[in-house]
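Reader: I've got a model open on my screen and a few things I'd like to ask. Can you walk me through it?

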Amino acid sequence: MKPSPFPLPSGRVALVPSVLSADFACLKGSLAPVRKLADWVQVDVMDGVFVPNISFGPVIVPFVAKASGLPVDAHLMVSRPAGFIDAFAGAGAGLITVHAESEGAAACIKKIKALGLKAGLALRPKTPVSRLAPFMKVLDLVLVMTVEPGFGGQAFMPEMMKKVSAARKLIAASGRPIWLQVDGGINAQTARTSAAAGADSLVIGSALFSAGSPAAFLRGLRKI
Ligand code: DX5
């Protein structure tokens, strides 16, 4: 099994551009500035059923990988993810995150690991952190959504910080290298709030790609 391109948590905050807000008319131009400053990139996959929006499928993974030169994390906001694991793995996603609320999540995590990929489990805002407990022995990443999934550009939900801290405690108790990722409404200020609560992987979409200089924006976050 080839080694994973994804780094292990190291106490440093990983910056993860979400391509949902990138300029698809010029993906290369959009992602070029982040090549050296981000740790990996995320594709937000939406099926119009699990969330009231449709985004993209596995077809864009190789283009995002090539344009960014970074590992690709596929965040599956889909109601039945089992049917898409092979396709995203085959397209080159090195980490696949399914939602705890989607059908067959446990079997999907097993399958992602059996394929030699990193597995993530995401929680919608209303889903309690206790849903993570049965998976702490196998997960590589936990994603605490800080918005209701479905759209970029939404307002950060500060009430999720309690959940982030609780997830951090669960990860510490597991003794395993598990990323604690937040996604939704991340900007310079909420990045600081999230890192202070225990997050060590920040997914950033609209704040990054709407910044005058995405590179300067990421360099600023690096100071956190
Ligand atoms: C929601 C998406 C967004 C996206 C980041 O379903 O997952 O959270 O990745 O969007 P911003 O950074 O624009 O809130």
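Predicted model: local features only at pLDDT ≥ 70, side-chain atom pairs only at ≥ 80, totals over all residues.

Reader: In what order do the strands of the open sheet run?

Author: There are 8 strands in the open sheet, and their pairing is parallel. Strand 1 (14-17) and strand 2 (41-46) are the edge strands, each pairing on one side only. From one strand to the next the twist averages 25 degrees. The order is 1-8-7-6-5-4-3-2.

Reader: Which residue is the bridge partner of glutamine 42?

Author: Strand 2 pairs with strand 3 (residues 72-77) in the parallel sense, over 6 bridges. The partner sits in strand 3, and it's aspartate 73.

Reader: Is phenylalanine 156 buried or exposed?

Author: You'll find phenylalanine 156 in the loop between strand 6 (141-145) and helix 5 (161-174). The cut-off for buried is under 20% relative accessible area. Phenylalanine 156 has 15%, so it counts as buried.

Reader: How much of the ligand's accessible area does the protein cover?

Author: The ligand is surrounded by 19 residues, with Gly150, Asp183, Gly185, Gly205 and Ser206 the closest. Strand 2, strand 3 and strand 8 (201-204) each give at least two residues to that shell. Oxygen atoms of the ligand lie 2.6 Å from a polar backbone atom of glycine 150, and 2.7 Å from a backbone N or O atom of glycine 205. Of the 370 Å² that the ligand has on its own, the protein covers 100%.

Note on methods:
Residues numbered from 1 in each chain as written. Heavy atoms only, no water. Helix = DSSP H or I, 4+ residues; strand = E, 2+ residues; numbered from the N terminus. Buried < 20%, exposed > 50% of the residue type's maximum accessible area, 1.4 Å probe, protein only. Pairing = 2+ DSSP bridges. Axes fitted to C-alpha atoms, helices over the stretch in contact; angles between N-to-C directions. Near = heavy atom within 4 Å. Polar contact = N/O pair within 3.5 Å; in protein donor to acceptor, adjacent residues only side chain to side chain. Areas by Shrake-Rupley, 256 points an atom, 1.4 Å probe, with all protein chains shown as cover.
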